Amino acid sequence: LVACVVGEEDGGLGTYALLERGWRADACVIPEPTGLAVVPAAAGALTFRLRVPGLAAHAARRASGVSAIEKFLPVFTALRELEARRNAEPDPLFARWDLAYPIEVGMVRAGDWASSVPGEVVAEGRIGVALGESPDQARRALEEAIGRACAADPWLAARPVTVEWWGGRFASARTTDAPFLSAVTDAVGAGAERWAAPYGSDLRLLTAAGIPTVQYGPGEVDLAHAPDEHVSLTQVREAAVALTRLAVRHCA
């Protein structure tokens with residue numbers, strides 16, 4: 001079976017709909033860009049939105065206002081400290097990555113006018129969900145870190161930062177089916193690397209449905225979502241050969 005689905009970037013509604021319709025398989029390979037490594041596990045990821053309050057004022061009377069940008073700075077520092085704590089002892093499968101469970105703020109919007117004290121900062125980002133950790137636990141970790149940062153600032157203690165959860169929501173997941181992992185490794189080649197992905201994917205939906213799943217495919221994740229994103233055609237050919245070999249052996 002070849003299943004082409006939409007919505008993976010926003011949480012996997014395509015794969016969810018596929019499974020909801022009753023489709024199942026003995027096993028699954030997701031051709032994520034793994035650089036031809038075998039990836040049996042993936043971290044999760046949750047999307048958040050922070051609203052940091054300030055007090056708008058004319059820039060010529062800056063001291064009469066409260067800059068939301070200044071109030072965002074200790075919040076951002078708290079996120080970096082939380083990230084360091086969450087990455088202190090990651091699962092060994094993440095050894096190749098400098099950060100197994102990154103936290104990043106990807107968008108920041110502030111103010112209404114260049115000559116005004118910004119009255120609000122809206123910051124949107126993502127937090128990685130660790131292997132074995134539930135999405136609710138990851139949410140609480142971020143909310144508690146934001147809460148502590150607010151409590152340490154008199155302005156934010158009285159007007160706490162609000163946290164909204166929206167967009168893509170990925171749980172972490174791991175495939176432990178030893179025979180299937182061996183079959184994939186044999187088809188790919190004994191020298192294939194094996195590691196866990198630091199990003200969310202549809203792997204967790206398929207494994208939750210009882211389908212042993214790994215990620216294996218051409219392309220490098222370091223190039224994804226970045227300038228000059230591309231895939232080596234040599235890797236495409238190698239992946240096609242390996243997947244064909246795996247399918248033929250499985251059917252036999």
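Here is a short chat about a sheet and a helix in a predicted model.

Q: Before we start, what counts in this predicted model?
A: Local features need pLDDT of at least 70, side-chain atom pairs count only at pLDDT 80 or more, and totals for chains, interfaces and linings use all residues. Residues are numbered from 1 along each chain as its sequence is written, and side-chain values use heavy atoms, with hydrogens and water left out.

Q: OK, in what order do the four strands of the open sheet go?
A: The order is 5-7-3-8, with antiparallel pairing. Strands here are DSSP E runs of at least two residues, helices are H or I runs of at least four, and both are numbered from the N terminus. Two strands pair if DSSP finds at least two bridges between them.

Q: And which are the edge strands?
A: Strand 5 (103-110) and strand 8 (162-170), since each pairs on one side only.

Q: How many bridges join strand 3 to strand 8?
A: Six, and strand 3 covers residues 44-53. R51 sits opposite T162 of strand 8.

Q: New topic: is Q235 buried or exposed?
A: Q235 is buried, because its relative accessible area is 16% (buried is under 20%, exposed over 50%, partly exposed in between, using a 1.4 Å probe and protein chains only).

Q: What is Q235 in contact with, leaving aside neighbours within four places in sequence?
A: G35, L36, P218, G219 and E220; contact means heavy atoms within 4.5 Å.

Q: Where is L233, and is L233 buried or exposed?
A: L233 belongs to helix 7 (residues 233-251), and L233 counts as exposed at 70% relative accessibility.
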